[in-house]
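Shall we start with how its parts meet?

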Amino acid sequence: MIKTSVFAVICLTLGATFSAAAAAGEPELVVYSARKEHLIKPLFDAYSAKNGIQIKFITDKAGPLQVRLIAEGARTPADLLITVDAGNLWRAADAGLLAAIDSPVLQANVPGRFRDPENRWFGLAVRARTIVYSTDRVKPEELSTYEALGDLQWKGRLCLRTSKKVYNQSLVAMMIARLGEEQTAKFVRAWVDNLATTPFSNDTRVMKAIGAGQCDVGIVNTYYYGRLMKKDPSLPLALFWPNQTGSGVHVNISGAGVTKHAKHPQAAVKFLEWLSSEEAQRLFADANMEYPVNPRVKPDPRVAAWGEFKQDPINVSQAGRLQAKAVMLMDRAGYK
Amino acid sequence: MTQTAGQVAHSARASVGISTWLNVNVWHWRLATLAIAATVAAPIVVVCAAWLTPSGEIWRHLADTILLELIRNTVVLIVGVGAGVLVLGVGLAWLTAMYDFPGRRLFDWALMLPLAIPAYVLAFVFVGLLDVSGPVQTWLRHNVGAQPNWFPPVRSHGGVVTVLVLAFYPYVYLLARAAFLSQGHAMLETGRVFGLRPWSAFLRVAIPVARPAIAAGVALALMETLADFGAVSVFNYDTFTTAIYKAWFGLFNLDAAAQLASLLLLFVALALYGERRMRGNARYDVRGGPGRTKRYRLRGGRAAGATALAASVLLFAFVIPVAQLTLWAWSAMAQELDLRYLRFFANTVFLGSVAALITTFGALLLAYTYRLRPDRLTRAGVRFATLGYALPGSVLAVGIMLSFVWLDQRIAGVLAHWGLQAGLLLTGSLIAVILAYMVRFMAVAHGPVDSGFERIGPSLLQAARSLGCGTWEILWRVFIPILRTGALSAILLVFVEVMKEMPATLLLRPFGWDTLATRIFELTSEGEWERAALPAINLVLLGLIPVVMLVRRSGTQP
């Protein structure tokens, strides 16, 4: 029985390999995506329906995908890398995995601070990481900045997500870019002193803890707030836009780049341009209640309802450059 | 065959191996084994090779900040989970194998069911239910009033240990139960003839004899614990594995991550070696079948206690999590369920069964060659080949991928000589992902297969020889019947493991080969726990099939 099965497997595998090779003649694109399937597949489908280009993809975390790209080198089948967080894109570009693209369309559609200064990656959706508070126990006038969450009045009232999540690493990296390491370390330590409980594994749990009265304020990405409120509109939670008189709200991107060894570079650039177009932007951002990166596209009404706010104008690539520093700083501050 | 206490012969070690009684060319087998061992070992070597790149800065940083706490947490976890699975696994196995009490026939197999629930799923159900914002504490707040101070903190040492014990005790239960059943009662009766009370008979006869099985079960549970990242990260509980991922994803240093991972491996290798040394040269070949097993009937308070214990374990480890998953899955059904689930199902089953067959085949080969002549080289090969289980999945996956890419480059080089253009033939193919499972789960298959071989003692072969059996007849009439049980257990266990496996599947699956586990990943990594319940419950249901088969087979005598 075993022998037959082994034989069957070998045949199947070889078959799969060759059929993949045979299909190479059709127009296709290969994508490695750290953006999750249900948030990206609708766009692939829309593009395939429109242009007849087949898009093959795998999803994984950004780290393993990048190692895979490095290992595969010139033979990689991947044309595009799609990932969340500018830190991950910066790292891929830094490792020489992404090609510089000279595209007037992308230049026009993606504002300068949401793309690589050397044009190796481009933001496609913007997410804001902001303060969430309990409408039962906190008045918005009491809130002002991220840094002020370290003030004494929040002692035992703050909930945070783990420092192992890249969103917090980017937030702290941006603080380092703005304030320097010493000041940032002081603020992060003050946050840790104010924690009501050990950090949570995700943003939704932070908000649920605030809802349950375990703490009163927290820091979350807006789309998690949107999703949770959609499911449970009765939760006594609201968003607050911090640092409005200063640096602005920390924003980050979900973005993409064309790989250096892409087999279909022109098609890949075309696809990227389409993703930044008005047609695709709505799909891309609305699927996850994010903000479109293209300034000509208005956000989803549900998202727009949270109000306008001033964004941190620093180029998001700083998040990548300073990420390792931020991680070490949070370790030293005892932020788990 | 008559049974006496002397069945368990603590005879001198059989260093010659069983090749004495078989007329086979040891070298052929040895080569095949070394080939398998090398395949399995290659990714581990790749991981260890990271030491060639210095990353002192990261080490200094970790040592200055979090390393001490991580090691402390890891030790707490190992001691807690080790003690927990030992007590729960052996205790329940003893109870169901030796006694009769209300519900025993149900618990016999039902206590195995938690094996079908991945630890990360159990963790997210547990935290979701019991944390401060969960339904249980919310209900208490509304009905008992105020924040209940007495409620133990869920995201704590105790919480993590509890979840991992509930997730991993079935390994010990499965193996210990089989061992107790195969001992039969005769030996215990002999012990009692010599004046041992039931409790001391348990401690002095049953446990020592079942020790290899128990040790194998605990080793599996602890290797899972060390490699676990999914469950502990739900608790935001930092372990040594956390440092590995931090070095990689946070500090961008894969080499430092691999160095940390290889330290973990070294620790596991030493622990396994230590256990074997302590066991010494004792042999554990129990001859004869389970024979006459008549269970002691418990009555009154004892019977009620036994039922209550088994029922509460089953309740917390299986019934409640499955009920909660079902509830969540139901609410997410309209949004999440579609035809793709057929593909997820088919892919999961295909990968699981193919990998299970191949891995078990490899494990049989390894164990057989080792028995033929247990020399140092073969032994080292076998030991090395079963280490992969303790490596965190992502790290091992990278090791495997790097090995395949290397091989692909060589193949492409050869093809280029003939003027052929080749991409990556192996990387991203089914072969790669299936070999990855083999590397990862060789230890799982090796356990049951090896304990099958433990039962083929030299005297059995001697007897077969003296009855005039030739080599092939011995293989056919002695080995196959005795090994069938172990091999089937191995196949089923590996199937369940492959089904639950996540990081290697993610990194190495071919395009379009999404499984139930990768679907869970897609949803949980976006915090969509309730939608993730749908693939999770599917995974659990699918896992029940092999688990139930496993139990049916592992001896359900009346």
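## Where the two domains of chain A meet

In this predicted model, 20 residues of domain 1 of chain A are in contact with 19 residues of domain 2 of chain A. Which elements give two or more residues to the domain 1 side? They are α4 (86–94), β8 (250–258) and α12 (301–304) of chain A. The most comes from α4(A), with six residues. Sorted by class, the domain 1 side that touches domain 2 of chain A has nine nonpolar, five polar and six charged residues.

If you want to colour the domains yourself, the domain assignment of chain A gives domain 1 as 29–126 + 252–304 and domain 2 as 128–250 + 312–333. The C-alpha centres of domain 1 and domain 2 of chain A lie 27 Å apart.

## Where chain A meets chain B

Now for the contact between the chains, to which chain A brings 48 residues and chain B brings 47 residues. On the side of chain A that touches chain B, the elements giving two or more residues are α1 (2–22), α2 (37–51), β2 (54–59), α3 (62–72), α8 (203–211) and α14 (323–333) of chain A. Which of them gives the most? That is α1(A), with eight residues.

The class make-up of this side of chain A is 19 nonpolar, 15 polar and 14 charged residues. For the complex, the predictor gives an ipTM of 0.85 and a pTM of 0.87.

## Two crossing helices in chain B

Within chain B, have a look at helix α1 (residues 26–48) and helix α17 (residues 430–454), whose axes come within 9 Å and cross at roughly 85°. An angle from 65 to 115 degrees counts as roughly perpendicular, and α1(B) and α17(B) are therefore roughly perpendicular to each other.

Which residues make the contact? From α1(B) come Thr39(B), Val40(B) and Pro43(B), while α17(B) supplies Leu435(B), Met438(B), Val439(B) and Met442(B). By class, this contact of α1(B) with α17(B) has six nonpolar residues, one polar residue and no charged residues.

## Two residues with a positive phi

Most residues other than glycine have a negative phi. Asn243(A) has a positive phi, near 55°, and is not a glycine. You will find Asn243(A) in the loop between β7 (237–240) and β8 of chain A. Is Asn243(A) buried or exposed? A residue counts as buried when 20 or more other C-beta atoms lie within 10 Å of its own; Asn243(A) has 21 and is therefore buried.

Chain B has a case to look at too: Phe252(B), again not a glycine, has a positive phi of about 60°. Phe252(B) lies in the loop between α11 (240–250) and α12 (254–279) of chain B. Because 22 C-beta neighbours fall inside 10 Å, Phe252(B) counts as buried.

The average pLDDT of chain B is 84, and 92% of the residues score at least 70. Where in chain B is confidence lowest, and where is it highest? Helix α8 (residues 186–193) of chain B is lowest, at a mean of 73, and helix α3 (residues 67–98) of chain B is highest, at 94.

Please take one stretch with care: over residues 1–15 of chain B, pLDDT stays under 50. For residues 1–15 of chain B, the model has 25 contacts beyond four places in sequence.

Note on methods
Residues numbered from 1 in each chain as written. Chains lettered and ligands numbered in written order. Predicted model: local features only at pLDDT ≥ 70, side-chain atom pairs only at ≥ 80, totals over all residues. Contact = placed C-beta atoms within 7 Å. Helix = DSSP H or I, 4+ residues; strand = E, 2+ residues; numbered from the N terminus. Nonpolar A, V, L, I, M, F, W, Y, C, P; charged D, E, K, R; others polar. pLDDT = per-residue confidence, 0-100. Axes fitted to C-alpha atoms, helices over the stretch in contact; angles between N-to-C directions. Parallel < 35°, antiparallel > 145°, perpendicular 65-115°, else oblique. Domains from an automatic or database assignment. Buried ≥ 20, exposed ≤ 12 C-beta atoms within 10 Å, placed from the backbone.
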